[in-house]
Amino acid sequence: MSFVLGITGGIATGKSTVVDLFKKYNFPVIDADIVAREVVEPNTPGLKKIVSTFGEDILHTDGSLNRQKLGQIIFADPKKRQTLNQLLAPFLQESIINQINEARRHSSLVIADIPLLFEAGYEKSVDQIAVVYIPENLQVSRLMKRENLTEKEARQKVASQLSIEKKKSQADVIFDNQQDRSFICQQVTSWLKAKQFL
Ligand SMILES: CC(C)(COP(=O)(O)OP(=O)(O)OC[C@H]1O[C@@H](n2cnc3c(N)ncnc32)[C@H](O)[C@@H]1O)[C@@H](O)C(=O)NCCC(=O)NCCS
Ligand SMILES: Nc1ncnc2c1ncn2[C@@H]1O[C@H](COP(=O)(O)OP(=O)(O)OP(=O)(O)O)[C@@H](O)[C@H]1O
């Protein structure tokens, strides 16, 4: 029986940093952000639904999705964000669950990197949930730095998700990313050893 560890956290709390460590140990990773790109590639039913809801203006001239424009719309408007989430949820869920099941056949440990794990209800699809945690003010400052945003823009993005404190309170495992990368690396390695995956 293989074990599925769901990894989540808030935007810019360090999920990719943690997931990269699992990749270094060669554990398979399902990345929900990649799946979210695949289901809206040109000529997919997902993209057709987006166009029928948000209009042709949401496309680049080559017919691909203008992600920046859609991001600007949905991070500023909770109703439109909910519309997009509901519209994509079935496509995302089918693909994520299929990929998890496929990876389970080849590995004793499967990592599912799902930023919106709690918001989208994937709790039952994984065996344990790890939350990559930093306090909100640090989250805002790392996000501002990474994406060159103003504080207002960064706080708007952070507010579009369940708060990091609520996520932390629902976690089975907490990876604390407030210090340097060697500290988070130690926590991941300890978890792998405790679970006898190393
Ligand atoms: C709005 C979109 C087009 C923006 O694309 P962009 O390339 O700029 O960002 P990217 O996809 O890399 O997402 C970056 C981060 O934004 C956050 N995020 C993405 N979508 C949402 C959302 N609907 N609500 C809250 N936060 C979100 C996540 O933390 C994610 O890791 C894109 O994020 C999208 O299609 N979102 C809806 C799909 C979704 O729910 N993705 C998350 C999978 S769990
Ligand atoms: N321990 C750390 N110390 C300082 N900076 C860090 C640390 N961990 C990550 N960062 C930086 O913080 C930012 C967010 O990290 P990362 O991209 O891993 O987060 P994420 O949760 O995957 O983000 P998103 O979901 O938004 O893609 C990046 O610019 C990264 O370089």
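Visitor: Why are helices H6 and H7 called oblique to each other?

Guide: In this predicted model, the axes of H6 (residues 136-147) and H7 (residues 151-159) come within 9 Å and cross at roughly 120°. Angles under 35 degrees count as roughly parallel, over 145 as roughly antiparallel, 65 to 115 as roughly perpendicular and the rest as oblique. H6 and H7 are therefore oblique. The helices are DSSP runs of H or I with at least four residues, numbered from the N terminus; the axes are lines fitted to C-alpha atoms over the stretch in contact, with angles from 0 to 180 degrees between N-to-C directions.

Visitor: Which residues of H6 and H7 meet?

Guide: Glu136, Gln139, Val140, Leu143 and Met144 in H6 meet Glu151, Ala154, Arg155, Lys157 and Val158 in H7, where contact requires C-beta atoms, placed from the backbone, to lie within 7 Å. By class, this contact has five nonpolar, one polar and four charged residues. Ala, Val, Leu, Ile, Met, Phe, Trp, Tyr, Cys and Pro count as nonpolar, Asp, Glu, Lys and Arg as charged, and the others, Gly among them, as polar.

Visitor: What makes H3 and H5 roughly antiparallel?

Guide: The axes of H3 (residues 45-54) and H5 cross at roughly 160° and come within 10 Å. H3 and H5 are therefore roughly antiparallel, the angle being over 145 degrees. Gly46, Lys49, Ile50 and Thr53 in H3 meet Thr83, Leu87, Leu88 and Phe91 in H5. That contact divides into four nonpolar, three polar and one charged residue.

Visitor: Which residues are the closest to ligand 1?

Guide: The closest are Ala32, Arg67, Gly71, Pro115 and Leu116, among 18 residues that surround ligand 1; a residue is near a molecule if its C-beta atom, placed from the backbone, lies within 6 Å of it. Helices H2 (32-38), H4 (67-76) and H5 (78-104) each give two or more residues to this shell. By class, the shell has 11 nonpolar, four polar and three charged residues.

Visitor: Which helix gives the most to the shell around ligand 2?

Guide: H1 gives the most, with three residues. The shell around ligand 2 has four nonpolar, six polar and five charged residues.

Visitor: How is confidence in the protein chain expressed?

Guide: The mean pLDDT, the predictor's confidence in each residue from 0 to 100, is 97 for the chain, and 100% of its residues reach 70 or more. Residues are numbered from 1 along each chain as its sequence is written, with chains lettered from A and ligands numbered from 1 in the order in which they are written. In this predicted model, local features need pLDDT of at least 70 and side-chain atom pairs count only at pLDDT 80 or more, while totals for chains, interfaces and linings use all residues.

Terms used: Contact = placed C-beta atoms within 7 Å.
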